[in-house]
Structure formats: structure tokens, C-alpha cells
Amino acid sequence: MALSPLKLFPLVTLFIFNAVVFSFYEVNESVQMIQASNKTPKQFLSSLSSSAALKLVIVNAPVLIINTVFNFDLFLFNFYFLIYNLLMLATVIVLKYADYQYKKQGNSIQIKLIIMILGLFIPYLSPLTLIFYVQSRAEAIKNLNNYLDDRHS
């Protein structure tokens, strides 16, 4: 926050922080933790996404607000940065559960993550993130049905 008067330094710092947050969603938890939620797949994804989004906003918003105060010409980019990172977070979560398999440690979402990160700097690629989200959300709900639906046990 102290370096907010510098135009891009806070954004680089937030970018690195957000990348670390995204990496938390690449490692699979045990199936028991998922089943302990006692939620439908849609409820599970929704609660996980909203909880993660709230945490991301709590960390990102103050820095972006201060950066906007010092550099008002970056207002639109700061707004895009926050919204796009929230979309990337939701997409990483649904990508994880679209590929989730019991007893599998990680997911192979790195290529899509690289494309999404490029969308932050090349806005023409940002619609791909929305496409990844819509496509993977349906796959995640279908996949989570295997673990959350009592009839499959």
C-alpha cells in the first residue's frame, strides 16, 4: 500500500498474490471433505466461489482503491483487474472440480491458466476465460454429482 503512488507496482504485487491464491485451488482435497459439505454440486460451487471471491475482494479492493486515488487514469484498468481476477478465480475453481478425481493430487489446468493470465494483459483473450467458466461449470456440476449425490454411493 505504501508504494501505491507508483502506477503499476501495486498491480504487480496483487497479480503475484492472486496467482498464489489461484494455486491453492489446483490441489485436490479428499472426497470426505467435499461430502462433509452436505450440499448439492451447485450449492457447493456457489459457496466455495463466493467465499473465495469475498477474500479476494477484501485483499484487492483497498490496494486498488488507493492506487486509483493516486493514479486516476488507471481507474478503468483497476476495475477490469478486479473483475477479471474474480472471474479467473471462479474459473479456476470450476476447472478444478470439472477435472476432480478421487485420490488424484492435482489438476492439469496450467495451460488454461496461462491463457487466462494472458487475458489480463491482452483483453481480447478475456472472453476465453468466460467460455472456460461456462463450459467447466457444467462439467464440474456433472462430476461433483458423482461425489455429492447419495444415490451414487
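Colleague: What covers the buried residues of α5?
Modeller: The cover includes α1, α4 and α6 (126-148). Buried means under 20% relative accessible area with a 1.4 Å probe, protein chains only, and exposed means over 50%. This is a predicted model, where local features need pLDDT of at least 70, side-chain atom pairs count only at pLDDT 80 or more, and totals for chains, interfaces and linings use all residues. Residues are numbered from 1 along each chain as its sequence is written, and side-chain values use heavy atoms, with hydrogens and water left out.

Colleague: Which residues of α5 are buried?
Modeller: Leu 113, Met 116, Gly 119 and Leu 120. Looking down the axis of α5, these buried residues fall within an arc of 110°, so they line one face of the helix. The arc is that of the directions from the helix axis to the C-beta atoms.

Colleague: And what's exposed on the other side of α5?
Modeller: Ile 111, Ile 114 and Phe 121.

Colleague: OK, switching to packing. At what angle do α4 and α5 pack?
Modeller: About 170°, with the axes of α4 (residues 75-98) and α5 (residues 110-121) 10 Å apart. The two are therefore roughly antiparallel, a label for angles over 145 degrees.

Colleague: Which residues of α5 does α4 meet?
Modeller: Lys 112, Leu 113, Met 116, Ile 117, Gly 119 and Leu 120. Residues on the α4 side include Phe 77, Tyr 80 and Leu 95. Contact here means heavy atoms within 4.5 Å.

Colleague: How far does α5 reach from its first C-alpha to its last?
Modeller: It has 12 residues and reaches 17 Å, close to the 16 Å expected at 1.5 Å a residue. That expected span is 1.5 Å times one less than the number of residues.

Technical notes. Axes are lines fitted to C-alpha atoms, for helices over the stretch in contact, and angles run from 0 to 180 degrees between N-to-C directions. Helices (H or I, at least four residues) and strands (E, at least two) are DSSP runs, numbered from the N terminus. Angles under 35 degrees count as roughly parallel, over 145 as roughly antiparallel, 65 to 115 as roughly perpendicular and the rest as oblique.
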